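This report describes a model in which the chains are taken up in turn, followed by the contact between them. Please look over the sequence and the structure before reading on.

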Amino acid sequence: MASDAAHPLGEPSRPPPAQEVVLAYDQVTFGYTRVPVLREVSLHVRAREFVALVGPNGAGKTTLMRLGLGLLEPSHGTVRLFGKEVGGFREWGRVGYVPQRAGAGASLPVSVEEVVRTGLAGHLGLFRRPTAHHRQRIEHVLDLMGLAPFRGEPIEELSGGQMQRTLIARALVTDPQLLVLDEPTTGVDADARRILKEALEHLVQVEHVAVVYISHDPEGFEGLADRVIEVRAGHANVLRSASGDAALPRPGWESSWRR
Amino acid sequence: MEALSFGFMQRALITCVVVCAVAPLAGAFVVQRRQSLIGDGIGHVAFAGVGLAFLTGTSPLLGAMAMAIIAAVVLFRLERRGRLGGDLSLALIFYGGIALGYLFSQRAGGGLNSVVGFLFGSPNNISWSEVAAITALCAAVAIVVTALYGPLVSISFDEAAARVSGVPTDAVMLALTVVVALIVVGGMQALGVLLIAGMMVVPVAAASQLARSYRSTMLGASAVGVLSAVVGVLVAYYADASTGASIVLTAIACYILATGLRAVRRRYPVQGG
């Protein structure tokens, strides 16, 4: 259980310095079988940065993210979160994760507020109930995502967009400094996409959260992404930076490249 | 009420109520993870433990407890390695447990009559000391589920996100599987190893028809469990029927009723609510 002194819930959140690397892959290779899905990928995400990961289905975008979150272990290379190797990382309150199609298979009714509250489970541990500060934080993220009117509703009755906002609210409840979203606009209508984008804009510009955004739909991150990185054929290549388009001469060199 | 003037009925009622109140608490998490048959699998292996206890002359409760906990750990490891997805491994455990249990009890000199109470329950033969042991076991289960409530809801909804939020998912899921094993053992004498798993699942299914949150599903399921136990024990007494079967059938009746109420509620929604 995370009992980190530096946990953002312990005191009002202060974003890390802009140059701090929050997520670093160095020469990471990974394969589910003997054939690697990712080969010697190097990629650094800095504080307050918005990085979009694009690429064809099955290219390894989600695999790359799962490695970054410690859900998979690389065959070679290292992954670091906030400077610590992900295997020994314990300050999970600093990371928010919005997986693909989470809760789609839920067979029992779960209310919006209960889902948001689950984001605190790792922080609270056993027997501890949310304090006044935690409850304030829950209220804040419900408001931020426009979910306050639906707090008691079962998620099965929500639209795709409301569901995604619920999952983002859950990921934000610990006041993270890095937010990872996997295909957040899948199954979401145009209106909801706009609301999602506005919410992300607020997170990046006002709350200074670093965002890693996996999507095949550029509309979701248009105007927000500092860098667009394509995952293809096992490599991660920068397609575009905030300063303009960049056509890369060879794959795998991304870590040394900065905007 | 005449039925409750008898000591054996008082013991049967207390045991069934306690077991049926607690079983759905763990059941809610098992159902949410689509592992409704895991309690059944553990029950079958617990039966092998009963047979082994007959063979070695030890307490059936202890034999069942040992085998149920071993089964819980094995099932947990199989599930973690993704080998419980197909039905083959569960089927092997189901049939292996029943076959071993019957073989052991036969070798111990008993026949079907000696084990039928453990298969389908015999709450009328429970002593006060057994009532106390079962109540203590169920209290322990309730405490563990309460302690793990937040992490369990988190994992049941989305295990990957739970891990990323810092929940030790493997430890919590192992604890849940062991809790299921304890419920199987606690309910073995009251409802039998073949029926106790039903009381982990059916009340949850009934409550989920009308509930709008996880907490209300769990509390509602526990209430359905208690109602089923009271009605089942009394029906069994007055109709001279099997108690375990009456309890499970009452819970299924609650499920059908709840499904009907849900259909009515959807057709005639409450305005302004």
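Which residue in E4(A) is the bridge partner of A:Ala24? In this predicted model, the bridge partner of A:Ala24 in E4(A) is A:Arg80.

## The sheet of chain A

The pairing of strand E1 (residues 21-30) with strand E4 (residues 76-81) of chain A is antiparallel and extends over 5 bridges. Both strands belong to an open sheet of 4 strands in chain A, whose order is E2-E1-E4-E5 and whose pairing is antiparallel. At the edges of this sheet are strand E2 (38-46) and strand E5 (84-85) of chain A, each of which pairs on one side only.

## The overall form of chain B

Chain B contains 12 helices and 0 strands, and along the sequence its pattern reads α-α-α-α-α-α-α-α-α-α-α-α. The radius of gyration of chain B is 19 Å, close to the 19 Å that the globule rule gives for 273 residues, and chain B is therefore as compact as a globular protein of that length.

Of the 273 residues of chain B, 55% count as buried, and among the contacts in chain B between residues at least 6 apart in sequence, 74% join residues at least 24 apart.

## A helix pair within chain B

Helix H2 (residues 38-56) and helix H10 (residues 196-208) of chain B have axes that come within 8 Å and cross at roughly 170 degrees. Since angles over 145 degrees count as roughly antiparallel, H2(B) and H10(B) are therefore roughly antiparallel to each other.

On the side of H2(B), the contact is made by B:Gly39, B:Asp40 and B:Gly43, while H10(B) contributes B:Ile196, B:Ala197 and B:Met200. By class, the residues of this contact of H2(B) with H10(B) comprise 3 nonpolar, 2 polar and 1 charged.

## The contact between the chains

Chain B gives 28 residues to the contact, and chain A gives 28 residues. On the side of chain B that touches chain A, the elements that give two or more residues are helix H1 (7-32), helix H7 (149-157), helix H8 (159-164) and helix H11 (214-239) of chain B. This side of chain B has 15 nonpolar, 8 polar and 5 charged residues.

Note on methods. Residues are numbered from 1 along each chain as its sequence is written. Chains are lettered from A and ligands numbered from 1 in the order in which they are written. This is a predicted model: local features need pLDDT of at least 70, side-chain atom pairs count only at pLDDT 80 or more; totals for chains, interfaces and linings use all residues. Axes are lines fitted to C-alpha atoms, for helices over the stretch in contact, and angles run from 0 to 180 degrees between N-to-C directions. Angles under 35 degrees count as roughly parallel, over 145 as roughly antiparallel, 65 to 115 as roughly perpendicular and the rest as oblique. Two residues are in contact if their C-beta atoms, placed from the backbone, lie within 7 Å. Ala, Val, Leu, Ile, Met, Phe, Trp, Tyr, Cys and Pro count as nonpolar, Asp, Glu, Lys and Arg as charged, and the others, Gly among them, as polar. The radius of gyration is taken over C-alpha atoms; the globule rule is 2.2 Å times the number of residues to the power 0.38. A residue is buried if 20 or more other C-beta atoms lie within 10 Å of its own, exposed if 12 or fewer, and partly exposed in between; C-beta atoms are placed from the backbone. Two strands pair if DSSP finds at least two bridges between them.
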